[in-house]
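Reader: I would like to learn how to read a few features in a model. Please show me the structure, then take them one at a time.

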Amino acid sequence: MEAQTAINVLPPLALVKLMALIEAHLGTTFPALALAVFHADELVLDAAWGHLDPETQRRLALPSSLFDLASLTKLFTATAFLQHASAGRARLDDPLVTVVPEFAAVQPRGVDGGQDPHSKVQLPTPDDLRDLHIDPARVTFRHLLTH
């Protein structure tokens with residue numbers, strides 16, 4: 001497995017152990033990985049493995065590749081919200097604007113195609129959603145936690 005490497009001065013034994021761990025999980029636990037390792041304020045490894053698009057394998061991961069951490073942070077956000085809900089400070093079906101009134105500043109909002117997570121290019125709006133508008137004042141915490 002070849003890494004896309006910018007700098008590699010990691011000690012040989014550490015690199016062998018790291019490569020064994022990556023080889024055990026690349027393609028199963030995760031499709032791609034970018035890793036920067038610092039020791040004593042010095043960058044000792046800046047490398048990437050795998051493909052950003054595992055189905056086509058056209059886009060190699062690079063040390064500069066950006067990864068979306070939203071799925072990872074959802075676990076912590078959901079846990080924090082559910083603690084507030086358990087304490088009676090919020091409910092799943094409360095509108096988001098009860099906490100963030102600015103969310104409803106633009107009304108109504110048109111539905112768009114979203115953004116490609118890798119290239120950040122705006123995606124086209126599907127034809128069946130082109131004329132659909134959403135009232136942001138009706139978006140609830142349940143919507144956010146289950147999207």
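Reader: Is Asp-93 buried, exposed or partly exposed?

Author: Start with the classes: buried means under 20% relative accessible area, exposed over 50%, and partly exposed in between, with a 1.4 Å probe and protein chains only. Asp-93 has 47% relative accessibility, so Asp-93 counts as partly exposed. Keep in mind that this is a predicted model, where local features need pLDDT of at least 70, side-chain atom pairs count only at pLDDT 80 or more, and totals for chains, interfaces and linings use all residues. Residues are numbered from 1 along each chain as its sequence is written, and side-chain values use heavy atoms, with hydrogens and water left out.

Reader: Which side chain meets Asp-93 in a salt bridge?

Author: The general idea comes first. Side chains of opposite charge can pair when their charged atoms come close. A salt bridge here is a side-chain nitrogen of Lys or Arg within 4 Å of a carboxyl oxygen of Asp or Glu. The partner of Asp-93 is Arg-142, at 2.7 Å, N to O. This pair links distant parts of the chain, 49 residues apart: Arg-142 sits in helix H3 (residues 141–146), Asp-93 in the loop between helix H2 (70–86) and strand S4 (109–110). Helices (H or I, at least four residues) and strands (E, at least two) are DSSP runs, numbered from the N terminus. Arg-142 is partly exposed, at 37% relative accessibility.

Reader: How many salt bridges does a search of the whole structure find?

Author: Three. Another one joins Arg-91 and Asp-94, at 2.8 Å, N to O. Here Arg-91 is exposed at 57%, whereas Asp-94 is buried at 14%. Asp-127 and Arg-130 also pair, at 2.6 Å, N to O. Asp-127 is exposed at 66%, and Arg-130 is partly exposed at 45%.

Reader: Which residues does Thr-140 touch, not counting residues up to four places away in sequence?

Author: Contact means heavy atoms within 4.5 Å. By that test, Thr-140 touches Leu-92, Asp-93, Asp-94, Pro-95 and Leu-96. Thr-140 lies in the loop between strand S5 (133–134) and H3. At 11% relative accessibility, Thr-140 is buried.

Reader: What volume does the largest pocket have, and what lines it?

Author: The search runs on a 1 Å grid over the protein atoms alone; a pocket is an open set of points where a 1.4 Å probe fits, with protein on both sides within 12 Å along at least five of seven lines, and lining residues have an atom within 4 Å of a point. The volume is about 250 Å³. Lining residues include Phe-103, Arg-109, Asp-112, Ile-134 and Val-139. By class, the lining has five nonpolar, two polar and two charged residues.

Reader: Which residues have a positive phi although they are not glycine?

Author: Most residues other than glycine have a negative phi, and most peptide bonds are trans. Asp-41 has a positive phi of about 65°. Asp-41 lies in the loop between strand S2 (32–39) and strand S3 (42–50), and is exposed at 80% relative accessible area. Gln-57 also has a positive phi, about 55°. Gln-57 is found in the loop between S3 and H2.

Technical notes:
Points joined across faces, edges and corners; volume = space filled by probe spheres on them. Nonpolar A, V, L, I, M, F, W, Y, C, P; charged D, E, K, R; others polar.
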